[in-house]
Amino acid sequence: MSTLRRFEYLAAVVDEGSFTRAAERLHVTQPALSHQIRALEQDAGGALLERLPRAIRLTAMGRAMLPHARAALADAERAVCAARQAAGLEAADLRVATVYSVSLGVLPPVLREWSRRYPGVAITLFEHRHTGELREATLAGQADLAVGPRPPDWEGPVRTLGEEEFVLVLAADDLAGSGRLADFAERGWVHYAPENGLAEVLDQACAAAGFRPRAAIRAAQTAAAPLLAAAGLGPALVPSNLLPAAFEGRVLRLDPPVRRELTVYTRGTQDPVSAAFADLLAEAEL
């Protein structure tokens, strides 16, 4: 337990960027906080934090330790919740992490069905901008399971859910081109902000078609892209499940198709609640 406390102190110092603010947040004295950090560094065999005049910076050892420290803290919190649930003190809770496009297109009907089947199990949803961010958050123990593209170099269980298909969206009166991306090589595109993972999907698809898309406008929010395309600002590449049935823009299926694999993955063996959610995801039509 003392190690968990020290992990909590390390995370607080990093989050606050200051020993003083971290001590205030944790309701301990600064000397006591510093003592616990030094004890953790002694256990680790080296410095975890570099004390700069006006900032705190992680050393290489600190950067290696921090994700595992956060994961241990998250596991401890879930252990307490599980014990309380077993004692009937509170309802179950499931933490799900995903990327924005999946939270908008894939998850809503799944979450609706989950609520119908398991009304006593609340879900906390964590949304991330791209696959790498989702992977790191899951590795750090943010969620019980993650839903998104297959994570690179993942050591835990990964289950394939199916393939997500992308379509081309245009203004309703834009009759140019067919379902070939190359037909739109000279157009200005509704692109995505660099931090949005769909920017990479678009760049890779266009590269395969022999060109680099020129951005007429960049959207940080995934849901904005089809609306901007329908408004005539340029073609957009979007997941087909993102579009409502009554969407007013022109939608073209691509030839060759653009697809990506979607998975559900965890750091370790799934508990019964996580397994039930993964099964429900597998039932859904992507």
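Okay, so let's start with the cap on H8: at its N-terminal end sits Asn 196, with a side-chain oxygen 2.9 Å from the backbone nitrogen of Leu 198. Helices here are DSSP runs of H or I with at least four residues, strands are E runs of at least two, and both are numbered from the N terminus. Keep in mind that this is a predicted model, where local features need pLDDT of at least 70, side-chain atom pairs count only at pLDDT 80 or more, and totals for chains, interfaces and linings use all residues. Residues are numbered from 1 along each chain as its sequence is written, and side-chain values use heavy atoms, with hydrogens and water left out.

Now, which residues of H8 are buried? They are Gly 197, Leu 198, Ala 199, Val 201, Leu 202, Ala 205 and Cys 206. Buried means under 20% relative accessible area, exposed is over 50%, and partly exposed is in between, using a 1.4 Å probe and protein chains only. Their cover includes helix H5 (100-105) and strand S10 (250-265). Just past H8, Gly 210 has a positive phi of about 95°.

Next, Arg 135, over in helix H7 (residues 131-139). Buried or exposed? Arg 135 counts as buried, because its relative accessibility is 16%. Leaving out residues up to four places away in sequence, Arg 135 touches Pro 151, Pro 152, Asp 153, Trp 154 and Tyr 265; contact means heavy atoms within 4.5 Å.

Last stop: in H2, Phe 19, Thr 20, Ala 22, Ala 23 and Leu 26 meet Gln 30, Leu 33, Ser 34 and Ile 37 in H3.

Conventions:
Polar contact = N/O pair within 3.5 Å; in protein donor to acceptor, adjacent residues only side chain to side chain.
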